[in-house]
Each structure stands twice: as C-alpha cells, then as structure tokens.
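Me: I would like to go through this structure with you. Could we start with the terms and then move on to particular residues?

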Amino acid sequence: MAPALRIDNLSKSYSGIAALDNFSLIVEPGSVYGILGPNGSGKTTTLGIILGVLRPDSGTWQWFGNPPSARSRKRIGPLLEKPNFFPYLSAEKNLMISARIKGVGYHHIDEVLESAGLADRKHSPFYTYSLGMKQRLALASTLLGDPDVLVLDEPTNGLDPGGIYEVRSLIREVASRGKTIIMASHMLDEIEKVCTHVAILKKGRKLTGGTTREILSSQDTLEIAAADLDLLHRLLSGTRGVTDISRDNDRLTASLADEVDVAELNAMLVQKGVKPHHLLRRKQTLESHFMEITRGLQ
C-alpha cells in the first residue's frame with residue numbers, strides 16, 4: 001500500500017531565510033503523525049505546501065502514491081486556521097455552508113456533529129460555544145465528505161485544559177476509525193499523548209523522526225542507591241542495557257534501555273549481595289528528548 005503522504009526534500013525560503021531545508025517524510029495510512037517544533041520551525045510552511053497553498057523552492061510530494069491533484073485534495077480534510085464560522089448561525093447551518101463550499105452533500109452533517117459531541121447543540125448559535133466546542137466544530141467540518149486524511153495545524157493552540165482534553169479525545173476517536181491524521185504542534189505533551197509517529201523540526205531541518213515509541217525508547221534514566229556503591233557500580237557495569245553510569249553524591253544514575261526489567265534487575269542485585277534502598281526508573285518524556293537533541297543547534 002502506498003503511503004498516505006510522501007515528502008521528498010522540500011525546501012522553502014523567505015527573503016533568503018530557510019523555512020524548510022530538504023525536509024522529507026513518509027506518513028503511512030492509519031497513523032497519527034505529529035510534526036513537532038517551536039514557532040518558526042517550518043511546520044505551517046510544510047502543511048501549506050502539501051495542501052497546495054504555498055509553492056516550494058524545490059522538492060516534491062505525493063498523496064496516496066500520486067502527484068497532488070484535485071482528486072487527491074478531495075480525500076483530505078484540512079484545518080489550517082482558527083475556527084471561522086458565522087457567529088449567529090447554528091452549528092448545523094454553518095456546516096451546511098461548509099458542505100456547499102466543499103461540494104459535498106448534507107447527509108454527513110448529523111454524523112460529524114455526533115462524532116464531535118455536538119449533536120445536542122447543533123441548533124445553538126456558534127457564538128454560544130466554548131473555545132473547545134468551537135474547535136470541535138472546526139474538526140467536524142474537516143470530516144465532511146469522509147476524507148481519508150486530516151491535516152491539522154495546532155489544533156489545541158489557545159485552548160484551556162478542558163478544551164485541550166475535548167479536542168484530544170476527538171482526535172483519538174477519529175484515529176480509532178482508521179483515519180490518517182497529520183498534526184503540526186509546538187505542544188510536546190499533546191504530540192506525546194496523541195501521536196503514533198513524530199518528526200522533530202527546528203529551523204526548517206528535521207532532526208529526528210520515527211514512531212513515538214522509538215523516539216522515546218532507550219532514553220530512560222535509572223536512579224539507584226545502596227550501601228556499597230562501588231560494588232553496585234561494578235555489577236551495573238556488567239549488566240546489559242545499563243550504560244553511562246555516573247555517581248551523584250550517595251547514588252548512581254545510568255541510562256536504561258527500554259527492554260530492561262527493573263524488578264529483574266533488583267532481584268539480580270540482591271542475589272549478588274547488594275540490597276538497593278533507592279531504585280527509581282524515570283521515563284524520558286518527549287519534552288526532555290526534544291531539549292536534548294536540539295541543545296546546541298544554532
């Protein structure tokens with residue numbers, strides 16, 4: 001099966017400043033792919049190019065194994081800006097206008113409102129909606145016509161915690177139905193909680209990419225302490241998956257491979273005469289990994 005999206009060496013500059021620098025990406029069908037980076041990293045430029053809003057300086061991209069076309073665009077539901085609906089019209093009437101613009105029928109309106117959790121408020125004017133509800137209505141609009149791929153630019157930006165939770169839940173629900181979702185965000189926590197894959201951008205360059213699990217694997221930190229730190233250090237040094245051991249006052253810290261079972265490690269140490277009185281595995285977050293790989297990049 002062809003990728004939902006394939007990007008090859010996209011570059012784009014504005015007044016001599018690179019917004020994208022040979023950016024490549026493959027998004028498989030059914031994945032939730034997060035493009036992560038701070039403001040100015042090239043996320044929105046990428047989405048603008050693949051949706052035909054911007055022209056790249058160089059590079060190519062394909063939708064569903066073919067060059068971009070009017071036909072492929074009908075299989076994509078984009079959300080690039082803040083919700084922009086008529087404030088005094090109901091959700092239903094606003095979606096009727098969106099459906100006419102897209103050239104699709106009205107038969108999906110009740111269905112997408114139900115998916116967005118807005119069926120009981122479909123007759124309420126848009127201005128009465130909370131920020132989270134407004135964003136969910138915007139997502140409902142992208143679902144009109146039953147697209148195969150949703151392209152979302154900062155879908156939780158500016159929302160309060162309740163609104164973020166609402167939108168995150170909707171994205172997960174849509175993804176569970178097999179839709180492919182491409183989501184640009186500067187919010188590391190949201191990418192980590194929602195996305196199956198992630199590419200990290202900074203100043204137009206892709207620093208790393210892969211499954212979220214791969215990006216975060218082998219990045220845990222072990223904190224451990226025992227009465228005999230020298231013996232503990234020797235035992236850990238001979239243990240597979242435990243690396244970069246260092247001493248920090250009365251305890252040792254080390255990098256811990258994803259496959260290491262801490263309970264088994266503790267049992268092995270006790271068997272060899274070391275009884276840890278402190279043992280903690282710290283899972284590295286996407287935020288800490290992001291800071292690590294971008295440190296020193298100018």
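Reply: Helices (H or I, at least four residues) and strands (E, at least two) are DSSP runs, numbered from the N terminus. With that naming, Glu-154 is placed in the loop between strand E6 (149-153) and H6. Please note that this is a predicted model.

Me: How many helices and strands does the protein chain have?

Reply: The protein chain has 11 helices and 13 strands.

Me: And where is confidence lowest, and where highest?

Reply: Helix H11 (residues 286-294) is lowest, with a mean pLDDT of 62, and strand E4 (residues 58-63) is highest, at 97. The average over the protein chain is 89, and 94% of the residues score at least 70.

Me: Back to Glu-154. Why does Glu-154 count as buried?

Reply: Glu-154 counts as buried because its relative accessibility is 12%, and the cut-off for buried is under 20%.

Me: Which side chain does the side chain of Glu-154 make a polar contact with?

Reply: The partner is the side chain of His-186, at 3.0 Å. Leaving aside residues up to four places away in sequence, Glu-154 touches Lys-43, Gln-135, Ala-184, Ser-185 and His-186.

Me: Where is Lys-43 found?

Reply: Lys-43 is in helix H1 (residues 43-50). With a relative accessibility of 4%, Lys-43 counts as buried.

Me: What does Lys-43 touch, not counting residues up to four places away in sequence?

Reply: Its contacts include Glu-154, Ala-184, Ser-185 and His-186. Also among them are Ile-35, Leu-36, Gly-37, Pro-38 and Leu-201.

Me: Changing topic: which helix does Ile-171 lie in?

Reply: Ile-171 belongs to helix H6 (residues 161-176). It counts as buried because its relative accessibility is 4%.

Me: What does Ile-171 touch, again not counting residues up to four places away in sequence?

Reply: Ile-171 touches Leu-139, Leu-152, Pro-155, Ile-181, Met-183 and Val-194. The C-alpha atoms of Ile-171 and Val-194 are separated by 7.6 Å, with the two residues 23 apart along the chain.

Me: And for the chain as a whole, how many of the 298 residues count as buried?

Reply: The share is 46%. The accessible surface is about 15,200 Å², and carbon and sulfur atoms account for 49% of that surface. Along its principal axes, the C-alpha trace spans about 75 × 45 × 35 Å.

Me: Last one: how many positive and negative side chains are there?

Reply: There are 36 positive and 34 negative side chains in the protein chain. The centres of the two sets lie 5 Å apart.

Terms used:
Residues are numbered from 1 along each chain as its sequence is written. This is a predicted model: local features need pLDDT of at least 70, side-chain atom pairs count only at pLDDT 80 or more; totals for chains, interfaces and linings use all residues. Side-chain values use heavy atoms; hydrogens and water are left out. pLDDT is the predictor's confidence in each residue, from 0 to 100. Buried means under 20% relative accessible area, exposed over 50%, partly exposed in between (1.4 Å probe, protein chains only). Contact means heavy atoms within 4.5 Å. Accessible areas come from the Shrake-Rupley method with a 1.4 Å probe; for residues, only the protein chains shown count as cover. Lys and Arg count as positive and Asp and Glu as negative; His and the chain ends are not counted. The place of a charge is taken as NZ of Lys, CZ of Arg, CG of Asp or CD of Glu. A polar contact is a pair of N or O atoms within 3.5 Å; within protein, one must be able to donate a hydrogen and the other to accept it, and residues adjacent in sequence count only if both atoms are side-chain atoms.
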